[in-house]
Amino acid sequence: MDTKRWYANDFQQDKQKAIQSAAELLKAGETVAFPTETVYGLGADATNKAAISKIFQAKGRPQDNPLIVHVATPQQLKELVTSIPNYVDKLLEAFTPGPITFVLPSNGRCAENVTAGLDSVGVRLPGHPIALKLLQEAAVPVAAPSANLSGKPSPTSADHVWADLNGRIAGVLDGGATGVGLESTVLDCTQAIPIILRPGGITKEQLEEAVGTVMIDPGLANEKERPKSPGMKYRHYSPDAPLWLVEGPSEKLQKVIDEEMKKGHRVGVMAASKTVAAIEANLKKDLGANMETVAATLYDALRMFNEHDVDLILCEAFSEQGIGQAVMNRLKKAASDYIK
Ligand code: TXA
Ligand code: MG
């Protein structure tokens, strides 16, 4: 398949035309990758079963993993579900458009392969201007998982999408780098108290400030529990070389690096600026000075190591406060070992 690439940056004169062409393909039942404020999504018409199958095929995604449906307005969200608890109205007001997905009882309007047979559907209003414009133009709900090959780090640039999916999808809308850099928070809103199924762009602290008590799916913390969000059971986001998480001060990290280098291994390290400045390794990737920057650069760093010849990647373990919870959730899924 010949994959189209449209440039839709703010500086681009033909931005509107690019978005319209992408919307036409979506309406015609094709797959189009587009930027959101979290990561790039691979979209298709959520009401068209054949179109949705193309997403699973392009990504190599397991069929039992449901997709998030993207809409432009709260009204469109309401058209896909049977009921909405009061706290969701508050969260819509406080955080949308933005990086949060609401899992609600489905009314069956979406194709059955969107929800993977569940009686709930995940819906979100993305906060990226290109995504919102595309959704308005397409005028259909758009199901979109992250636009990467299944198991690979999620794409935070159109180049990442291109590297994974060129030739497998109808087009990519290039809107430059995404902002948050990690996926949306997935929130189960089918119960009296909301439950975080996947930590993400909106933190537990932010949610609790808006609506009081919020729970966390026990499956996230405890390996033995089955996660309620089907996608959370897979190993994910993995670079090609093994990744080890290392907890503790930079001296301890340096000790692990030295041991591995002595064995003749080429060691890559990713860490926050302060730690990077304090250590020596074959290859160092500075993730930034604060946790927001770490979140925004994490996936690019994981992909970057694939382009270099390293035998092992070490990453410092971060505090699980705020966005740190989402960062650590992704790192634990990507890592094969955790040195505490
Ligand atoms: O930020 C994001 O959410 C990005 C952008 C493109 O919007 N999308 C994304 O989609 O991360 P994906 O498919 O990579 O992850 C969707 C997650 C999976 O863990 C899936 O199991 C969960 O959401 N999910 C979707 N619908 C669900 C449902 N009805 N019940 C429970 N979990 C659901
Ligand atoms: Mg994904």
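## Basis

In this predicted model, local features need pLDDT of at least 70 and side-chain atom pairs count only at pLDDT 80 or more, while totals for chains, interfaces and linings use all residues. Residues are numbered from 1 along each chain as its sequence is written, chains are lettered from A and ligands numbered from 1 in the order written, and side-chain values use heavy atoms, without hydrogens and water.

## Helices α1 and α6

The axes of α1 (residues 15–27) and α6 (residues 129–138) come within 9 Å. They cross at roughly 50 degrees. That makes α1 oblique to α6 (angles under 35 degrees count as roughly parallel, over 145 as roughly antiparallel, 65 to 115 as roughly perpendicular, the rest as oblique). The crossing is right-handed.

From α1, K15, Q16, I19, Q20, A22, A23, L26 and K27 meet I130, K133, L134, E137 and A138 of α6. Contact means heavy atoms within 4.5 Å. The α1–α6 contact residues divide into seven nonpolar, two polar and four charged.

## Helices α4 and α8

The axes of α4 (residues 86–95) and α8 (residues 204–211) come within 10 Å and cross at roughly 120 degrees. This pair is therefore oblique. Its crossing is right-handed.

Y87, K90, L91, A94 and F95 in α4 meet Q206, L207, A210 and V211 in α8. Seven of these residues are nonpolar, one is polar and one charged.

## S146

An unreviewed UniProt entry places the feature "binding site" at R61, N65, A144, S146, S154, R198 and Y237. S146 lies in the loop between β7 (142–143) and α7 (158–165).

Is S146 buried or exposed? S146 is buried, at 17% relative accessible area (buried means under 20%, exposed over 50%, partly exposed in between, with a 1.4 Å probe and protein chains only). Leaving out residues up to four places away in sequence, S146 touches V39, Y40, G41, L42, K59, S154 and P155.

Notes. Axes are lines fitted to C-alpha atoms, for helices over the stretch in contact, and angles run from 0 to 180 degrees between N-to-C directions. Helices (H or I, at least four residues) and strands (E, at least two) are DSSP runs, numbered from the N terminus. A crossing is left-handed if the near helix is turned anticlockwise from the far one by less than a right angle, and right-handed if clockwise. Ala, Val, Leu, Ile, Met, Phe, Trp, Tyr, Cys and Pro count as nonpolar, Asp, Glu, Lys and Arg as charged, and the others, Gly among them, as polar. UniProt positions are given in the numbering used here, feature names are shortened, and annotations may be inferred rather than shown by experiment.
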